[in-house]
Amino acid sequence: MTWVTRTALVAGLAFLYAPILVLIGYSFNASPLVTVWGGFSTQWYAALLADAPLLASAWVSLKVAVLTSVIATILGTLAALVLERQRRFRGRALFTGLVLGPIVMPEVMIGLSLLLMFIGIGLDRSLLTIVIAHATFCTGFVAVVVAARLRGLDRTLEEAAADLGAPPMRVLTTITLPLLGPAVIAGALLAFTLSLDDLVIASFVSGPGSTTLPMRLYSRVRLGVNPEINAASTLLVGLVSAAVLVASWLTARRDAQ
């Protein structure tokens, strides 16, 4: 690497992560003004723990993210198996477009179309509609991750199990899925993060009593930023970072065995 590429790399990383580090630092600011440093304090974390509406929104986001990651992981893994193991079947192009389409579609379009569908079928907006919308959006991401892993698998292991008399379902559960473990975990974490972070789609399909944490934070930011919002954002960053570190540790431990 030359000094030009190193400078560009450092500048790019600083552009991405410096604002996050500043946000984390100012979450420990004693002053109520986010632009004035008043000393170190954890009072805003205490205020956050006493904020009932914000905690309720965080609980809603956590439930939605967990349910979304489970549903999207199952559907995305099955879709990846179909796309990679069944190369030719009628309607393959349509199926591929339905699975991967939400990845490239604008979130505004996804949210509006799902809202019109829910109204058309008479389904009231609630926690269920948010989970359905997020699962629809995240399934394609899981399918891409798992499909990439499937392309690199050694098919001879599956063929050997089949030659020894194992039925297709036994081959899937004992050979294919264990080999896909790291990709499935990565897809689940990606779906969890995307759901936890979503604002646009949830704002279309949420109803009374199902306000997610990003929606709550956005409504408060419009009235002005305070250190309590910085504290909530810092906890979100810490939660996602911890999940990524645990997944990386589990993957490294599995590869070492």
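## Nonpolar cores

The largest nonpolar core holds 25 residues, of which Leu114, Val146, Leu150, Leu180 and Val205 touch the most other members. Such a core is a set of buried Ala, Val, Leu, Ile, Met, Phe, Trp, Tyr and Cys residues joined through side-chain atoms within 4.5 Å; buried means under 20% relative accessible area, exposed over 50%, and partly exposed in between (1.4 Å probe, protein chains only). Helix α6 gives the most to this core, with nine residues. Apart from it lies another core of nine residues, including Leu213 and Ile229.

## Basis of the model

This is a predicted model, in which local features need pLDDT of at least 70 and side-chain atom pairs count only at pLDDT 80 or more, while totals for chains, interfaces and linings use all residues. Residues are numbered from 1 along each chain as its sequence is written, and side-chain values use heavy atoms, with hydrogens and water left out.

## Salt bridges

The count comes to three salt bridges, each a side-chain nitrogen of Lys or Arg within 4 Å of a carboxyl oxygen of Asp or Glu. Arg220 and Asp51 meet in one of them (2.6 Å, N to O). Arg220 also forms a salt bridge with Glu228, the closest N and O atoms being 3.8 Å apart. Within it, Asp51 is buried at 12%, whereas Arg220 is partly exposed at 23%.

The side chains of Glu84 and Arg151 form a further bridge (3.2 Å, N to O). Glu84 is buried, at 9% relative accessibility, but Arg151 is exposed, at 57%.

Methods: Helices (H or I, at least four residues) and strands (E, at least two) are DSSP runs, numbered from the N terminus.
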